[in-house]
Amino acid sequence: MQSHVRRALLPMLLIAQPAYAGEPVAAQDQATGLIDGSHLNLNLRHYYSNQHTRRSTHLVIKKAGVAQPTRQRDTWVQTAMLNYISGYTEGWVGFGVDASLFSAVTLERGHGAVANGGDRVLVDSDGDAVPSWSRLGVGDVKLRVSSTELKAGRMLTENPILRYKDNRALPSTFQGIGLNSNELDWLALQAGSFERAIPRTGTGSERLTTTFGNRAYSGSRISYLGATAKAPYGLTLSAYGSRFEDMWQQYYLGATHVAGDRANLALKTSLNYYRTRDQGEQNLGFIDNHAYSLAITAAHGAHALTTAWQQVFGDEYFDYVWESTGNYMANSLYSDYNGPNEKSWQLRYDFDLASYGVPGLTTSLWHAKGWGIDGTHYSGDRDGRNTGYNVRGLEGAKHNENGLMLAYVVQSGTLKNTVLRSIVYNHRASGGQIDGSYDEFRLVANVPLSLF
């Protein structure tokens, strides 16, 4: 893995270095002490969703110990995330701690409303909602030298390989070691090694599995190394290499270019590419997968229009770690459009009403379509290997979705920075496409409070 990473990073560093060789002030030089530099904040989240299945898609509920189909589920949860972030001790080496307590109260507890087990709320063995639950979401000790920070424990991760998932009442976190280095103002380095996931609807940790593969198999840890560099002329480049032990090796390359300005016309071009191969004991069998996306956004004033193309080359899903969103592909929406050999496109319109006298109010409208999903040539289980992906029944599968999001950020007063967001979407699938057919409405409010 290391030689691949070096070959990927070297051209990026050579391109970026000449124009960005500054010497920023080291973060540790500004340390004010463990207590003086600390912050305590509380985020109150109200999460509601109403979902209906369509066509042949069904949810399940337990009745008399037997799973029975249903077409609707309601999720209604109030959560609180108490976050303590310490400062760093002064000196050449700084020390600190982070801790976050996540708590949730289930407001909708009807047995018929809480479908599909613990997918959105925590349930007991009978399928009934647990009234409330809590967990230590973040808990780490940290060390900083200059502008390089090392953390060990539970933490939020944010990179193209392992990114925490925050589409439910509470976010996921991961347990391990993470390093972030920003010694140069044009270059950010990341490395990490994680062995457990702390799920969105759980009270403990679990082994690392995959999102689309056979979850009976797991890897002992996932490790990664990567960099993001700001190059001249509005160009940003990223390269990451990773190893999910006995599962896969995965590499990521990303490039974003921004030109112009919104007052006239701004153009943003984003290219993302993932390469995945089996590794070690091949717990998911043989894997040979390429996936890429290209998105172009044209923006003028309050308006932005995005077109995107995405394609998967391989007879299995483009996959990532369960409880993460380690997927920077352009068409990662309600569906990921990541089926074997799938092609997809997206058209999106974003509108910022600040230009029309309503600062903080934005809306987004999108349509996406995927087709050509074909797993009939899957041979990952050859030579006695495990069947990692159940895709042989997918031939000509397709799907599409429409979505509308309306969001408002409170601009002033006691509730400043409160975010209210509503989302309406529908998704239709055929030919066994994994995401099924749904209509859903979500309403989410995040109220951040700074305690000190």
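Two strands pair if DSSP finds at least two bridges between them. Strands themselves are DSSP runs of E, at least two residues long, numbered from the N terminus.

Quick provenance. This is a predicted model, where local features need pLDDT of at least 70, side-chain atom pairs count only at pLDDT 80 or more, and totals for chains, interfaces and linings use all residues. Residues are numbered from 1 along each chain as its sequence is written, and side-chain values use heavy atoms, without hydrogens or water.

Start with strand E20, residues 438-450. E20 pairs with strand E1, residues 39-53, antiparallel, over 13 bridges. Histidine 46 has alanine 445 of E20 as its bridge partner. Strand E19, residues 419-430, also runs antiparallel to E20, with 9 bridges. There, valine 419 stands opposite asparagine 446.

Now the rings. Rings of Phe, Tyr and Trp (its six-membered ring) pair if their centres lie within 6.5 Å; planes under 30 degrees apart are stacked, over 60 edge-to-face, the rest tilted. The whole structure has 15 aromatic pairs. Take tyrosine 252 and tyrosine 274: centres 4.8 Å apart, planes at 50 degrees, so tilted. Tyrosine 252 is in strand E12 and tyrosine 274 in strand E13, so the pair ties together parts 22 residues apart in sequence.

Buried or exposed? Buried is under 20% relative accessible area, exposed over 50%, partly exposed in between (1.4 Å probe, protein chains only). Tyrosine 252 is buried at 4%. Tyrosine 274 is buried at 0%. Both belong to a ring-pair cluster that also includes Phe212 and Tyr389.

Another pair: phenylalanine 351 and tyrosine 356, 5.5 Å between centres, 65 degrees between planes, so edge-to-face. Tyrosine 356 is exposed, at 54%.

Notes
Helices (H or I, at least four residues) and strands (E, at least two) are DSSP runs, numbered from the N terminus.
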